[in-house]
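Reader: I have a new model open on my screen and would like to walk through its fold with you. Could we take the sheet, then the helices?
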Amino acid sequence: MFIFSKLVWVFGQPLSVAFFLIVLGLLALALRLRKSALLLSGLSAVVLFVTLYTTAGNYLLQGLENRFPKPAQDPESLQCMIVLGGAFESEVNTARHGIEFSAAADRFIEALRLAQKFPQSRILISGGDGSISGTYEGDAAASTRFFPLFGVPRERLVEETASRTTFENAMNTKDLLAQNGISNCLLITSGYHMPRSVGIFRKLGIDVTPWPTDFRTDGEVRPGIDFTQPSLNAQNTSTAVREWFGLVGYYLAGRTSELYPR
């Protein structure tokens, strides 16, 4: 299932779809199927235009982020927090033995802020190597270098190093929560990732308080044309489409009870 989901995404992301439509169009042209070639080429152009030059991806991403607004104030007390992996550059860290973050770094910055404000709280970091090769260091391992640098002792950390997917994050976290006698945790992950994450945790009966971070939109995106940032538009479209792949796939597989949790 893990390998299948990875392969689906390799071929299913917007720019890959555009590329394969062009390839099929060239094949159709070689076979002298001119109408089919024109249709496939046109579809490829549409996918590229929507991905690069519209706000469609940002609008989808905004919808995901708005499902679980961040509370206006910090909790009065905090026993524990669960931080989902995906914030470290695993390949780079494995090779260079450093602490390099990806665009989702806010997950750990927010966790660090709360850890310093609530020194009694435990921090469960869930994240192994999510690559197909399985040869890289995961977020949980990297976090044992990150938090102590800012005065958070390693004794406060609970490391879950085996998970490769969000579903495995939740499954493995459930066991660790029971083993360590902790409950009623904040769930810290990116805003766009929160609906799927909460859906899985709910399905497994894990009581968490959603604490979204790493917002990618300002909350005021409207559908329209945007020629100013094609590379960012493509990245956000890819992120939003991938998350919707996950929402639909997990719902059909029975791993969540709701298609679009809120």
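Reader: In what order do the strands of the open sheet run, and is the pairing parallel or antiparallel?
Author: This is a predicted model, and in it five strands form an open sheet in the order E3-E2-E1-E4-E5, with parallel pairing. The edges are strand E3, covering 157–160, and strand E5, covering 208–213, each of which pairs on one side only. If direction is ignored, neighbouring strands of this sheet are turned by 20° against each other on average.

Reader: Staying with H9, at what angle does it pack with H10?
Author: Helix H9 (residues 194–203) packs with helix H10 (residues 230–252) at an angle of about 20°, and their axes are 9 Å apart. Because of that angle, H9 counts as roughly parallel to H10, and the crossing of the two is left-handed.

Reader: Which residues meet there?
Author: From H9, Pro195, Arg196 and Ile200 meet Glu243, Gly246, Leu247 and Tyr250 of H10. Sorted by class, this contact has four nonpolar, one polar and two charged residues.

Reader: Now the other helix pair, please: how do H2 and H3 cross?
Author: The axes of helix H2 (residues 14–30) and helix H3 (residues 34–53) come within 8 Å of each other and cross at roughly 165°, which means that H2 is roughly antiparallel to H3. The crossing of H2 past H3 is left-handed.

Reader: What is the make-up of that contact by class?
Author: Residues of H2 including Leu21, Ile22 and Leu29 meet residues of H3, among them Leu40, Leu43 and Val47. By class, the contact of H2 with H3 has 14 nonpolar, four polar and no charged residues.

Reader: Switching to charges, how many salt bridges does a search of the whole structure find?
Author: The search finds ten salt bridges. One of them joins Asp74 to Lys117, whose closest N and O atoms are 2.8 Å apart. Asp74 lies in the loop between helix H4 (56–65) and E1, while Lys117 is in helix H6 (residues 106–117), so this pair ties together parts that are 43 residues apart in sequence.

Key:
Residues are numbered from 1 along each chain as its sequence is written. This is a predicted model: local features need pLDDT of at least 70, side-chain atom pairs count only at pLDDT 80 or more; totals for chains, interfaces and linings use all residues. Side-chain values use heavy atoms; hydrogens and water are left out. Axes are lines fitted to C-alpha atoms, for helices over the stretch in contact, and angles run from 0 to 180 degrees between N-to-C directions. Helices (H or I, at least four residues) and strands (E, at least two) are DSSP runs, numbered from the N terminus. Angles under 35 degrees count as roughly parallel, over 145 as roughly antiparallel, 65 to 115 as roughly perpendicular and the rest as oblique. A crossing is left-handed if the near helix is turned anticlockwise from the far one by less than a right angle, and right-handed if clockwise. Contact means heavy atoms within 4.5 Å. Ala, Val, Leu, Ile, Met, Phe, Trp, Tyr, Cys and Pro count as nonpolar, Asp, Glu, Lys and Arg as charged, and the others, Gly among them, as polar. Two strands pair if DSSP finds at least two bridges between them. A salt bridge is a side-chain nitrogen of Lys or Arg within 4 Å of a carboxyl oxygen of Asp or Glu.
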